[in-house]
Amino acid sequence: MQAGAAGAVTIGDGNLNVSGFGTLAAAKSNTEDARFTRANQREGTAGTSTIGLDSNLGLQATYTFSDKLSATTQILSRKSTGDSFTTELAWAFVKYKLNDEVSFRAGRIVVPAFLISDYQNVGYANTMMRPPVEMYGQMFIENADGVDVNWQRAFGDTNVTAQAFVGIARGKSYVSSDHSSPRYQAPVGGFAVSAEHGPVTLRFAHAQGKLKATDVKPINSLTATLASVGFGQLADDITIADYKRVAFTSVGLMADWNNIVVQSEFGMRRAKDPVYLADSNAWYTMVGYRFGKVLPYFAHAKYDGKGSTVAVPAQLARIPTLNAGVKNLLAPGSQSSNLVGVRWDFASSAALKVQVDRVKPGAKNGFLSDVTPAGVGKKVTVVAAGVDFVF
């Protein structure tokens with residue numbers, strides 16, 4: 001999907017096409033004892049009203065050099081790993097169309113790990129206020145600098161699209177335990193295949209990368225301590241200061257038939273090398289029914305951590321405090337949530353949304369952060385309202 005295509009404008013000689021998208025929304029949770037955020041986001045809401053949870057603004061420009069060659073750039077302003085809004089270069093690629101079926105892109109491209117990866121930041125293109133963090137929190141890499149090839153063909157009434165990519169992802173990852181945002185780097189590759197038949201789309205995706213972050217201070221401190229007391233192999237297994245292979249696989253379904261709207265995904269993360277990151281499974285299902293321009297919907301999401309693949313030596317039990325810290329780090333987390341909302345398309349390029357999330361944290365507080373002792377195990381309610389628009 002091309003962001004903001006509904007309101008795109010042509011400039012100059014007709015080869016430059018400019019469009020945009022945005023969300024202006026406010027949200028508030030019912031407690032100060034836990035912080036609710038999006039995936040890889042710092043601020044979120046912890047009992048305070050905020051526009052930073054869901055608000056963003058994007059601008060996209062495409063210049064067409066010929067029938068075969070074009071260039072696209074997209075910039076995005078939002079709150080992510082920092083306390084303030086920042087602007088990032090989300091897309092920046094050159095596209096060459098070999099024929100009607102095959103095209104190539106080179107530059108900064110989307111990592112197609114999810115059902116809605118191409119437009120997960122475009123609120124107007126989505127029914128829900130935000131992608132469920134239980135699913136999208138498993139894989140925070142959104143783009144990579146590299147190349148991809150896209151192939152599409154119609155088989156009768158079914159349109160099939162396949163994409164393969166390779167590149168290097170770079171960015172920041174928010175660490176809630178010390179409120180830091182260390183940089184990561186990950187050579188990454190993968191593929192996605194989708195089939196669209198009438199109102200139904202099925203999609204399968206797989207991505208695998210070698211993740212490295214040298215400045216994750218809580219992990220570095222722990223591994224340094226382990227190495228100093230003779231557990232060097234355990235320290236090497238836990239660390240992410242060296243490249244560690246991690247894979248993510250997802251399958252998704254989207255349908256819009258006779259006013260019934262369905263969206264569902266299942267995803268799993270698996271470490272291919274020993275690392276502190278937990279293996280996990282997650283899924284969500286959203287169902288809605290359209291009454292004219294009004295679309296009420298309900299969704300349930302669940303994240304189930306499987307724990308780390310790192311083996312802890314029995315000898316570490318002789319140092320109880322250190323053993324407890326390692327076991328806690330490697331233990332799985334869990335979370336589920338129910339949400340209800342309504343979308344009203346009150347204008348041709350704008351929609352009003354109201355959504356209420358009820359989050360049930362499980363082990364290790366799930367995806368909630370800054371949890372006080374009084375907030376452990378307690379459900380969190382988040383109310384949000386906003387306007388999505390394209391231009």
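Predicted model: local features only at pLDDT ≥ 70, side-chain atom pairs only at ≥ 80, totals over all residues.
**Note on salt bridges, cores and a nonpolar patch**

1. Across the whole structure, a search finds 18 salt bridges.

2. One of the salt bridges is formed by K79 and E43, whose closest N and O atoms are 2.9 Å apart. K79 sits in the loop between strand 4 (69-78) and strand 5 (86-97), and E43 in the loop between strand 2 (16-29) and strand 3 (56-64), so the pair ties together parts that are 36 residues apart in sequence. K79 counts as buried because its relative accessibility is 13%, which is under the 20% limit used for that class.

3. A second pair is made by E101 and R153, with 3.0 Å between the closest N and O atoms. Here too distant parts of the chain are linked, since E101 belongs to the loop between strand 5 and strand 6 (102-110) while R153 belongs to strand 7 (residues 143-155), 52 residues apart. E101 is partly exposed, with a relative accessible area of 28%, and R153 is also classed as partly exposed, at 38% relative accessibility.

4. The side chains of D357 and R130 meet in a further salt bridge, at 3.1 Å from N to O. The two residues are 227 residues apart and join distant parts of the chain, D357 lying in strand 16 (residues 350-361) and R130 in the loop between strand 6 and helix 1 (133-136). Both D357 and R130 are buried. Through salt bridges that share partners, R38, D54, R130 and D357 are joined into one network, and a reader who inspects the D357 and R130 pair may wish to view it together with R38 and D54.

5. The largest nonpolar core has 62 residues, and those with the most contacts inside it are M139, L226, L234, I238, I240, Y276 and V326. Strand 14 (residues 294-307) gives the most to this core, with five residues. Apart from this core lies another, of eleven residues, among them A34, F36, M129 and V382.

6. L211 is found in strand 10 (residues 200-211) and is buried, with a relative accessible area of 11%. Beyond the neighbours within four places in sequence, L211 is in contact with Y184, Q185, A186, I240, D242, Y243, K244 and L277. From R130, L211 is separated by 81 residues in sequence and by 26 Å in space, C-alpha to C-alpha.

7. A nonpolar surface patch of about 890 Å² is made by W257, I260, V287, Y289, F291, V294, V342, W344, F346 and V354. Strand 13 (279-289) and strand 15 (334-347) each supply at least two residues of the patch, and strand 15 contributes the largest share, three residues. F346 is found in strand 15 and counts as partly exposed, at 38% relative accessibility.

8. R343 is also placed in strand 15, but R343 counts as buried, at 9% relative accessibility. The side chain of R343 reaches the backbone oxygen of Y124 at 2.9 Å. Not counting residues up to four places away in sequence, R343 touches G123, Y124, N126, T127, K293, V294, L295, Y297, A351, L352 and K353; V294, one of these, is among the residues that make the nonpolar patch.

9. R105 is found in strand 6 and counts as buried, at 16% relative accessibility. The side chain of R105 makes a polar contact with the side chain of D148, at 2.7 Å. With residues up to four places away in sequence left out, R105 touches F93, V94, K95, G146, V147, D148, N150 and Q163.

Notes
Residues numbered from 1 in each chain as written. Heavy atoms only, no water. Patch = residues over 30% accessible without salt bridge, like charges linked within 9 Å, V, L, I, M, F, W, Y side chains within 5 Å. Areas by Shrake-Rupley, 256 points an atom, 1.4 Å probe, with all protein chains shown as cover. Salt bridge = Lys/Arg side-chain N within 4 Å of Asp/Glu carboxyl O. Helix = DSSP H or I, 4+ residues; strand = E, 2+ residues; numbered from the N terminus. Buried < 20%, exposed > 50% of the residue type's maximum accessible area, 1.4 Å probe, protein only. Core = buried A, V, L, I, M, F, W, Y, C linked by side-chain atoms within 4.5 Å. Contact = heavy atoms within 4.5 Å. Polar contact = N/O pair within 3.5 Å; in protein donor to acceptor, adjacent residues only side chain to side chain.
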